[in-house]
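Hi everyone, thanks for coming. Let me put today's structure up on the screen, and then we'll walk through a few parts of it.

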Amino acid sequence: MIKQKIVLRYPPHVVEQPTIYHLIKDFDLMVNILRADINPKKEGRLMMELSGSELNYQRAIEWLREQGLHIMGLEQQIIWRSDRCTHCGACTVICPTEALAFNRPEMTVSFDEYKCVVCELCLRACPARAMETLVENSNSK
Amino acid sequence: MKINRSIEEINEKIKAGKAVVFTAEEIIDVVKEKGLEEASAQVDVVTTGTFGPMCSSGAFLNVGHPTPRIKLNEVSLNSVPAYAGIAAVDLYIGATALPTSDPANLKHPGDFIYGGGHVIEDLVSGKAIRLEASAYGTDCYPLKRIETTIRLSEINEATLYNPRNAYQNYNVAVNLGPKTIYTYMGVLKMNMGNANYSSAGQLSPLFNDPLLKTIGIGTRIFLGGGLGYVAWHGTQHNPSAKRAENDTPVYPGATLALIGDLKQMDSRWLRGLSFLGYGATIQVGMGVPIPILNEEIMRYCSVRDEDLYAPVVDYNRGYPYKEGTELTLVSYADLKSGSININGQAVPTASLSSYAGAREIAGTLKDWIEAGQFTLTAPSAPLPSIEAEIKLNALPQKDPDKREV
Ligand code: SF4
Ligand code: SF4
């Protein structure tokens with residue numbers, strides 16, 4: 001038996017497919033959805049817990065990859081704590097992908113998790129420590 | 001000058017709910033539209049704000065006496081040491097103090113995850129703070145050790161006293177070196193990979209009163225979400241800094257020492273910060289109302305980012321080793337555009353001070369005044385300005401054992 005939390009990132013064209021149905025039906029896995037953020041024709045994100053036999057789990061992951069899905073461990077998610085963010089902007093010159101971007105003329109910072117490549121550079125560069133990973137302490141090196 | 005308004009007149013209007021107030025950002029267009037004279041005739045107060053890292057900050061606490069009494073000697077709050085070299089149960093917790101167990105920069109760059117600034121934020125948000133103290137014991141103060149918790153509501157006094165805040169202008173930091181450096185101006189990437197600045201520019205209090213004609217000792221202000229006062233000029237106060245034609249300094253200039261009752265402040269505007277590789281500090285929100293006494297004051301308040309300049313300084317060698325002067329001067333309008341040009345190179349810019357926060361503070365102060373909750377004060381004494389001819393000193397490095405004549 002294996003129990004694993006993962007995050008799936010769907011490119012826009014895959015969103016329409018019944019992924020969960022296949023995970024249950026073809027790979028005999030138990031699927032527990034923790035968070036879903038899926039919009040038709042846009043990139044989607046699905047956070048879930050999979051459990052089942054080790055072999056089926058590995059086969060399922062392989063199948064998901066073949067479908068063009070990006071799979072990440074849960075601890076790799078980056079969270080922007082908007083309540084901690086002071087909108088200074090210091091992170092925007094550190095973030096390599098503009099996932100953290102400065103909006104003018106509002107002069108506020110926004111976080112686009114779809115652009116985030118989880119390089120983790122912002123975690124320590126943010127003085128207010130408003131950037132976090134889901135799993136605590138994964139940023140304390 | 002045609003307009004000649006007194007603070008008393010303005011306060012009468014505030015109390016009657018009739019004061020006309022604009023923020024230092026809004027007033028720019030008002031003056032552009034109506035002209036200086038008409039705008040001065042119509043507007044009573046312009047509000048300013050800033051929300052940036054301000055290391056020279058801290059709080060005096062009186063924690064009360066246990067039974068038996070104690071004369072605190074070594075004290076820590078959530079493991080962060082506080083200064084106890086004053087009366088028995090008085091303390092000062094400074095924003096940049098670090099726990100003695102903090103590895104600091106042993107493994108460079110250090111994280112500085114928790115320091116004095118975070119203690120102040122936690123206190124203000126009402127959290128329980130662990131107090132550990134030792135003492136040598138005296139006949140009048142026999143207790144030698146205490147471990148307990150304190151909350152802001154349980155202690156006698158908590159006075160924010162910040163020896164240097166609200167810098168009138170500041171350096172724009174770049175790194176000319178070949179490696180990333182970690183500074184109080186943030187992470188600076190090699191070969192001028194980024195340029196970090198830290199001022200609200202046109203909203204910043206001392207940019208709107210460049211010669212300190214209205215701000216003085218006793219000026220009532222917005223401090224940390226509550227009320228505060230200007231206590232004195234700040235440390236490193238340098239009104240002698242070179243100025244542009246509009247009287248604003250193009251280098252770090254005047255500073256303010258601020259004071260206020262921590263008990264009525266809000267942790268939203270007092271935020272512990274961790275500067276990678278540098279240390280812990282605090283982000284302070286403060287704002288000053290400027291009475292429009294005449295056209296001259298209004299002209300100062302209508303200053304725009306386009307007309308405010310700051311020096312670009314290398315933090316690899318230039319600043320730490322005092323090598324060379326600034327690379328160039330840039331305007332706050334350019335800084336806020338997201339990119340500046342330094343010797344032909346386009347350099348992305350970022351701020352450490354929150355302009356959105358500055359805007360909100362100026363807006364809050366405006367709301368308070370419009371609602372009649374906040375009246376203006378005339379200074380009890382002026383702050384030293386240009387005519388004081390202040391010169392900043394460097395620390396003398398002398399042979400301390402050599403007798404001086
Ligand atoms: S550095 Fe941190 S506090 Fe500043 S804008 Fe970025 S996330 Fe927000
Ligand atoms: S983890 Fe990297 S890509 Fe994601 S927001 Fe932070 S700096 Fe940007």
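So, how much area do domain 1 of chain B and domain 2 of chain B bury between them? About 1800 Å², with 65% of it on carbon and sulfur atoms. Buried area here is the accessible area (1.4 Å probe) that two parts lose on being put together, summed over both.

Quick ground rules. This is a predicted model, where local features need pLDDT of at least 70 and side-chain atom pairs count only at pLDDT 80 or more, while totals for chains, interfaces and linings use all residues. Residues are numbered from 1 along each chain as its sequence is written, chains are lettered from A and ligands numbered from 1 in the order in which they are written, and side-chain values use heavy atoms, leaving out hydrogens and water.

Back to chain B: domain 1 covers 7–54 + 161–383, and domain 2 covers 59–157, with bounds from an automatic or database domain assignment. Their contact (heavy atoms within 4.5 Å) takes 21 residues from domain 1 of chain B and 26 from domain 2 of chain B. B:L262, B:K263 and B:A280 supply 32% of the area that domain 1 buries against domain 2, more than any other three residues.

Now, over to chain A. Its pLDDT, the predictor's confidence in each residue from 0 to 100, averages 86, and 91% of the residues score at least 70. Over residues 137–141 of chain A, though, the pLDDT is below 50.

Last stop, ligand 1. There are 13 residues around it (a heavy atom within 4 Å), and A:C85, A:C88, A:G89, A:C91 and A:C126 come nearest.
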